[in-house]
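Please read the points below alongside the sequence and the coordinates.

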Amino acid sequence: MKEIILYTDGACSGNPGPGGWGCILFYTDANGTEHKLELNGGDPATTNNRMELIAVIEGIKKLKSPCSVTVYSDSQYVCNAFNKGWLAGWQKKGWVNSAKEPVKNVDLWKLYLEVAKPHKVEFVNVKGHSDNVYNNRCDELARAAIKRN
């Protein structure tokens, strides 16, 4: 499997409000050449959590074959859903959370499950707005998308 590094971030001006997402994919081809792809987009009326999750989805959607993906995100919402088993629990309970309320953003969680199916994905939580150059670049991409909307 190809190894992919995916940095992601989402942002919102107001929550809810206009939002943007950004992601950067890194991979090395069979010849040892390193590649980088930056993507971003936005939504005029959304939430920060939706933008965080869409950044992951859009990055993974770019993969053309099954890959091993390490996602770096500053979103505890996204990382904890996987690393703490929230997503598996929500599915098991019929998309109801521990407070017995419907899971928010269920449309995106289901979309993530579909696009990630052929891949092996792990999540690493990074500190946002600190010295992580790629997380900071993803934030810039997300904020640029907000300005465009």
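**Notes on the model**

1. Lys-117 and Glu-114 form a salt bridge in which the closest N and O atoms are 3.3 Å apart, a salt bridge being a side-chain nitrogen of Lys or Arg within 4 Å of a carboxyl oxygen of Asp or Glu. Lys-117 is exposed, at a relative accessible area of 60%, where exposed means over 50%, buried under 20% and partly exposed in between, with a 1.4 Å probe and protein chains only.

2. This is a predicted model, in which local features need pLDDT of at least 70 and side-chain atom pairs count only at pLDDT 80 or more, while totals for chains, interfaces and linings use all residues. Residues are numbered from 1 along each chain as its sequence is written, and side-chain values use heavy atoms, with hydrogens and water left out.

3. The search of the whole structure gives seven salt bridges. Among them, Glu-38 is bridged by Lys-36, with closest N and O atoms 3.6 Å apart, and by Arg-137, with a corresponding separation of 2.8 Å. Because Arg-137 belongs to helix H5 (residues 133-148) and Glu-38 to strand S3 (residues 34-46), their pairing ties together parts 99 residues apart in sequence; helices (H or I, at least four residues) and strands (E, at least two) are DSSP runs, numbered from the N terminus. Arg-137 is partly exposed at 29% relative accessibility, and through shared partners Lys-36, Glu-38, Arg-137 and Glu-140 are joined into one network.

4. Cys-23, in strand S2 (residues 17-28), is buried, with 0% relative accessibility. Leaving aside residues up to four places away in sequence, Cys-23 touches residues including Leu-6, Glu-38, Ala-55 and Cys-138, contact meaning heavy atoms within 4.5 Å.

5. The open sheet has five strands in the order S3-S2-S1-S4-S5, with mixed pairing, two strands being paired if DSSP finds at least two bridges between them. S3 and strand S5 (120-125) are at the edges with a single partner strand each, so one side of each lacks a neighbour in the sheet. Strand S4 (residues 67-73) pairs with S5 in the parallel sense over six bridges, and Tyr-72 stands opposite Val-124 in S5.

6. Helix H1 (residues 48-61) packs on this sheet, touching strand S1 (2-12), S2, S3, S4 and S5, and its direction makes about 155 degrees with that of S1. H5 lies across S1, S2 and S3 and runs at about 140 degrees to S2; axes are lines fitted to C-alpha atoms, for helices over the stretch in contact, and angles run from 0 to 180 degrees between N-to-C directions.
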